[in-house]
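Open your viewer, switch to a cartoon view, and let's walk through this model together.

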Amino acid sequence: MHAGIIFLLVIIGSVLFHIFTPWYWTDIASNWGGMDDTITLTFWVGGGVFVAVCLFMIYCVFRYQHKEDRRAEYKPEDKKLEKILTWATTLGVCALLAPGLIIWNQYVNVPKNAIEVDVMAWQWGWQYRLPGADGKLGTTQVRNIADNNPFGINPDDPFGKDDIMVESDVINLENNRPVKILLRSVDVLHNWYVPQFRAKMDAVPGTVTFYWFEPNKVGEYEVLCAEYCGVGHYAMRGGVEVQDKVDYEVWLSEQETFEQLSARYEKLNVDGNKLAKK
Amino acid sequence: MSDEYDNNKSYQAQSSEVIDGSAGSVNPDIDYVRPAEVGEQDLYHGHSFIEKWVFCQDAKVIGVQYFLTAVFTGIVGLILSWLMRLQLGFPGLAGFMTAEHYYQFVTMHGMIMVVYFLTALFLGGFGNYLIPLMVGARDMVFPYVNMLSFWMFFVAVAVLMASFFVPGGPTGAGWTLYPPQTILEGTPGSGMGILLMLISLSLFVIGFTMGGLNYMITILQARTRGMTLMRMPLTVWGIFTATVLAMLAFPALLVSAIMMTLDKVLQTSFFMPTILKAGEVLEYGGGSPILFQHLFWFFGHPEVYIVALPAFGIVSDLISVHARKNIFGYRMMVWAIVGIGGLSFFVWAHHMYVSGMNPWFGFFFATTTLIIAVPTAMKVYNWILTLWRGNIRINTVMLWCLGFIVTFVNGGITGIFLGNVSVDVPLSDTYFVIAHFHMVMGIAPLMVIMGAVYHWFPLVAGKMLHEGLGKWHFWITFLGAYSIYFPMHYLGFIGVPRRYFEMYDSPYMTSAVGMNEFISIAAFIVGAAQFILVFNIIKTLKTGKKAEQNPWKANSLEWYTSTVPPEHGNFGERLPVVHRWPYDFSVPGAKDDFIPQTTAPSEVIHTEVEKT
C-alpha cells in the first residue's frame with residue numbers, strides 16, 4: 001500500500017517539477033526555434049508515455065496485491081494486444097522522428113548567403129578569421145602557423161591576402177544574417193558552443209567541420225567549449241557579440257587583414273634587423 | 001579424461017530414466033523427452049583450499065569471485081563519484097581537488113562503472129552463477145578456461161588500480177578516451193596512466209573472451225534434456241544475447257586500444273593528424289581522430305546493451321516469480337532481446353551527431369536509433385502487463401523491479417530526445433546526457449542487480465536477507481537516485497556542459513548552484529545507503545533465518561538443486577529433465593500456484609496448462 005502511494009507521489013512530483021521548474025532553457029537567440037519545438041513535442045509524447053506507464057504500474061500495485069486465496073490470471077500471450085501496442089508505438093516514434101529529420105535537413109544545408117567564419121581552436125582558446133572583400137577564405141595548413149601567420153594561411157593563395165584577422169577571443173556577428181561556422185583545431189577536439197544559439201559541432205584537428213545559424217537577437221554571449229579537450233577545458237571560454245548591420249560594419253572596418261598583418265611583421269623584422277646590426 | 005568418460009553408460013542411464021519417469025501415467029508418450037545425445041561432463045573437484053576457493057573451476061565460485069571483485073571496483077567508482085560531487089556541489093571545499101584530479105576521477109569513475117563493474121557483474125557474476133544452474137548443466141563447458149577468465153579479469157583490475165599510483169596518476173581523458181588529447185600533454189595521466197588503462201582494457205577483453213565463449217557454448221550445447229531454447233528463462237536469453245554482442249563488440253575496443261598504444265609508444269598516426277602544440281609541430285600526420293570514435297562507439301553502443309540485456313532478462317524473471325504470473329508475451333520478449341541486440345550494431349554513430357563526421361550519417365543513425373525504441377517499448381509493456389491481473393508480492397525484490405521500471409522508462413524516454421538527431425544538437429555534451437545515461441544504464445541496471453541479490457541470496461548463501469533493512473535500502477536508493485538524476489536533466493536544458501571542473505559565473509550557470517548542492521547531498525546519502533546492504537549481508541550470514549529450499553516458489557531449475565546452496569555439479573546423481581517453460585504460475589486447476597520446469601505433464605494432467 002505504502003509502496004504504491006510513494007511511487008504515485010514520485011510521478012506527481014516529476015510532473016509538478018517540470019511545470020514549475022525555474023531551470024529551463026535560455027532565451028533562444030538564433031533561428032533554431034524548431035529544435036526547441038521538437039523538444040517540446042517530445043516532452044509531450046514521451047512524458048505522456050512515461051506518466052501512463054507508471055500510473056498503470058501503480059494501479060496494478062494497488063489492485064493486484066498478493067492475497068493467499070487469489071490466483072493470478074493465466075494467459076501466456078495476447079497476439080492482438082501486442083500487435084496494437086507495436087503499431088501504436090511505431091506511429092508515435094515516426095511522429096517524433098519526422099520533425100527531427102526535417103530540422104536536421106535544414107541544419108546540414110547551409111544557406112547560400114551565409115557569411116563564413118573560420119573558428120580556429122587550440123588548447124585553450126579561440127581565434128577567428130573572416131573573408132575579405134572577395135568573400136572567400138584562403139586555404140590553410142597547420143604547418144604554416146607562425147607569429148606572422150596565426151591562422152596558417154597558405155602564402156600563395158590569393159584568396160587569403162584580404163582575410164580579416166580578429167585579434168580577440170570575441171567575434172562580432174551581424175544580426176539576422178546567417179553564419180557558416182567553419183571549425184578547425186590545431187591540436188585536439190574542441191566544440192564551439194553558445195547555449196543561446198542551440199547549435200554546436202566539434203572542431204577536429206586534420207579536417208574542417210561546419211554548422212550554421214542565424215543570430216536574431218542583438219547582445220553579448222558567452223562561448224563554451226563543449227568537447228572535452230584536456231585540463232583547461234572548463235576555462236576555454238570565448239565570446240560573441242551580435243550587432244546591427246551599422247555597428248557591425250564599423251567593427252569590421254577596424255580589423256586588420258592578413259596582408260596588413262604580414263606587412264606589420266615584415267616591418268618589425270626589418271626594424272629588428274637594423275637594431276641588431278647597430 | 002577418457003577413463004571417466006563413458007558415453008554409453010550415461011546414455012543408457014538416461015534413457016531408462018525416461019521410462020521410469022512415465023511409469024504410472026495415463027499416457028506414457030506425453031512425458032517423452034528426447035534422450036541425451038552425449039554423455040555427461042566429468043568435473044574436476046578441487047582438493048585443497050586453493051583449488052576450492054582461489055583457483056577454482058566451479059562456475060558458481062567463479063561467479064562469486066567475479067561478483068566480489070566487481071563490487072570492489074564499484075565501491076572505488078562510488079568513492080570517486082563522491083569526490084566529483086564534492087567538487088561540483090561545494091567547489092573549493094576539498095583543498096586537494098585540482099582540475100587534474102577532477103578529470104582523473106571523472107574518467108576512472110566512468111570506465112570502472114561501465115566496464116569493470118556493470119559488465120563484469122552481469123556477465124561474469126550472474127552469468128557464471130546462473131547459466132549452468134538455469135539450463136540444467138553441471139558446470140560451464142570449459143571450466144579451466146573459465147577460471148582463467150576470472151584471473152585475467154583480476155589482473156586487469158589490478159593494472160587499472162595500479163594506475164592510481166604511477167607518476168602522473170591515472171588517465172584523465174574522459175572514459176571515451178578520445179584522441180588526440182588522450183595521449184598528449186595537457187590531459188592528466190597522458191604518460192603511464194593512459195598506457196595502464198589501455199593494457200588493462202586489453203586484458204579485460206582477453207579475459208572476457210574466455211568467459212564469453214563459455215557462456216555461449218554452455219547455453220548452446222550443455223542444456224539439459226527438454227530444455228529447448230524457447231523454454232529457457234529470460235535471464236539466460238538476456239545473458240546469452242549480451243555475450244554474443246560482447247564477443248562482436250569488444251574486438252573493436254581491443255583494436256582501438258592497440259592502435260592507440262602504438263600511437264602513444266611508437267608515434268604511429270592511426271588517430272593522430274598534424275598537431276601543433278606549444279608552437280611546435282608534433283611528429284604525427286594523416287591520422288583520423290574520428291576513426292577512433294567510430295571504433296569506440298562500435299564497441300560502446302553495444303556495450304550499453306551488454307549491460308541492459310541481462311538486466312532485461314533478470315527483471316523479467318523476478319517480476320514473473322513475484323507477481324505469481326507468467327511473463328506476458330514470452331516469445332515477443334525473446335525476439336525483442338534478440339532484435340535489440342542485432343539493431344544495437346547499427347546505431348553507434350548517434351553518439352557522434354556533432355562529432356564532425358559527415359552530417360548525412362545523421363539521417364541514417366537517427367532512424368535506426370528510433371527503430372530500436374519499438375522493441376524496447378514492447379518489453380516495457382510486457383513487464384507491466386505481467387503485473388496486470390497478477391498476484392503481486394510487494395517484497396523487497398518486487399520493489400527493486402518497480403524502481404527499475406520507473407527509472408528505465410524515464411531514461412528510455414530521454415533517449416528518444418538524444419537519438420533524434422536535431423534534438424540532440426542542443427543537448428549533447430550537456431548534463432542532460434549525464435542524467436540520461438545514468439538513469440537508463442546506471443540506476444536502472446543497478447535496481448535489477450539489487451533485486452537479483454535479494455532474490456538469489458537465499459540460493460547462494462542459504463539464508464534470507466532481512467526484509468526490513470532491504471526496504472530501507474530500496475527506498476533511500478530509489479528516491480535518492482531519482483532526485484539526483486531527474487532534476488539534472490534540467491541543468492542540461494540550461495546548457496551546462498559536462499566535464500566542467502568549475503562553472504564560473506555565467507548567469508545561466510550560477511542558477512545551477514543550488515541544484516548542484518542538492519544533487520551532491522543526495523549523492524552522498526545514496527552512496528552511503530549501499531552500506532545497508534553490506535550490513536544486511538554480514539548480519540544475515542551471522543544470524544539470519546535459514547532459507548527453505550525454493551523460498552520464492554519459483555519454477556526454474558536453479559531452485560531444484562540437490563542441496564542449498566548447490567554443491568559442485570549442481571544436481572546430484574541425475575540431471576533434471578525439463579518438461580515446460582519456467583513461467584507456469586497460477587495455472588488453473590493446479591494444486592499450487594506454480595509448476596516447476598521438471599514436473600512431467602502426466603503429473604498435472606487435469607490442469608489447463610498450455611503447451612510450451
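**Stop 1: chain A as a whole.** Start by selecting chain A, where you will find 5 helices and 11 strands. The radius of gyration of chain A is 28 Å, well over the 19 Å that the globule rule gives for 278 residues, so chain A is more spread out than a compact globule. Its C-alpha trace covers about 110 × 40 × 35 Å along the principal axes. Keep in mind throughout that this is a predicted model. If you colour chain A by burial, buried residues account for 38% of its 278 residues. Contacts in chain A between residues at least 6 apart in sequence join residues at least 24 apart in 70% of cases.

**Stop 2: the two domains of chain A.** Where they meet, 9 residues of domain 1 of chain A are in contact with 13 residues of domain 2 of chain A. On the domain 1 side of that contact, the residues divide into 5 nonpolar, 3 polar and 1 charged.

**Stop 3: the sheet in chain A.** Now select strands S4, S6, S7, S9 and S10 of chain A, which form an open sheet in the order S4-S10-S9-S6-S7 with mixed pairing. Strand S4 (170-174) and strand S7 (202-203) of chain A are at the edges with a single partner strand each, so one side of each has no neighbour in the sheet. Strands of a sheet pair through backbone hydrogen bonds, either parallel or antiparallel. Which sense do S9(A) and S10(A) adopt? S9(A) and S10(A) (residues 237-243) pair in the antiparallel sense, over 6 bridges.

Stop 4: Zoom in on the loop between strand S1 (115-122) and strand S2 (125-130) of chain A, where A:Trp124 is found. The peptide bond from A:Gln123 to A:Trp124 is cis, with omega near 0°. Most residues other than glycine have a negative phi, and most peptide bonds are trans.

**Stop 5: where chain A touches chain B.** Bring chain B back into view and select the contact, which takes 79 residues from chain A and 93 residues from chain B. On the chain A side, the elements that give two or more residues are helices H1 (2-20), H2 (33-63) and H3 (79-108), with strands S6 (190-193) and S9 (219-225). H3(A) supplies the largest share of this side, 14 residues. By class, the chain A side has 47 nonpolar, 19 polar and 13 charged residues.

**Stop 6: helix H9 of chain B.** Select residues 330-343 of chain B: this is H9(B), with 14 residues and a reach of 20 Å from its first C-alpha to its last, close to the 20 Å expected. Its buried residues include B:Tyr330, B:Met333, B:Ile337 and B:Ile340. What covers the buried residues of H9(B)? The cover includes H3 of chain A, along with helices H7 (234-265), H8 (289-322) and H10 (361-387) of chain B.

**Stop 7: two positive phi values.** Step back to the loop between H8 and H9 of chain B, where B:Arg324 is found. Phi of B:Arg324 is near 50°, a positive value in a residue other than glycine. B:Arg324 counts as buried because it has 21 C-beta neighbours inside 10 Å. Next, go to the loop between helix H12 (421-427) and helix H13 (431-461) of chain B for B:Asp429. B:Asp429 has phi near 60°, a positive value in a residue other than glycine, and B:Asp429 is buried, with 24 other C-beta atoms within 10 Å.

Stop 8: Select H14(B), residues 467-494, which reaches 41 Å from first C-alpha to last, close to the 40 Å expected. Just after H14(B), B:Gly495 takes a positive phi of about 115°. Finish in the segment after helix H16 (513-543) of chain B, where B:Pro565 is found. The peptide bond from B:Val564 to B:Pro565 is cis, with omega near -10°.

Notes:
Residues are numbered from 1 along each chain as its sequence is written. Chains are lettered from A and ligands numbered from 1 in the order in which they are written. This is a predicted model: local features need pLDDT of at least 70, side-chain atom pairs count only at pLDDT 80 or more; totals for chains, interfaces and linings use all residues. Two residues are in contact if their C-beta atoms, placed from the backbone, lie within 7 Å. Ala, Val, Leu, Ile, Met, Phe, Trp, Tyr, Cys and Pro count as nonpolar, Asp, Glu, Lys and Arg as charged, and the others, Gly among them, as polar. Helices (H or I, at least four residues) and strands (E, at least two) are DSSP runs, numbered from the N terminus. The radius of gyration is taken over C-alpha atoms; the globule rule is 2.2 Å times the number of residues to the power 0.38. A residue is buried if 20 or more other C-beta atoms lie within 10 Å of its own, exposed if 12 or fewer, and partly exposed in between; C-beta atoms are placed from the backbone. The expected span of a helix is 1.5 Å times one less than its number of residues. Two strands pair if DSSP finds at least two bridges between them.
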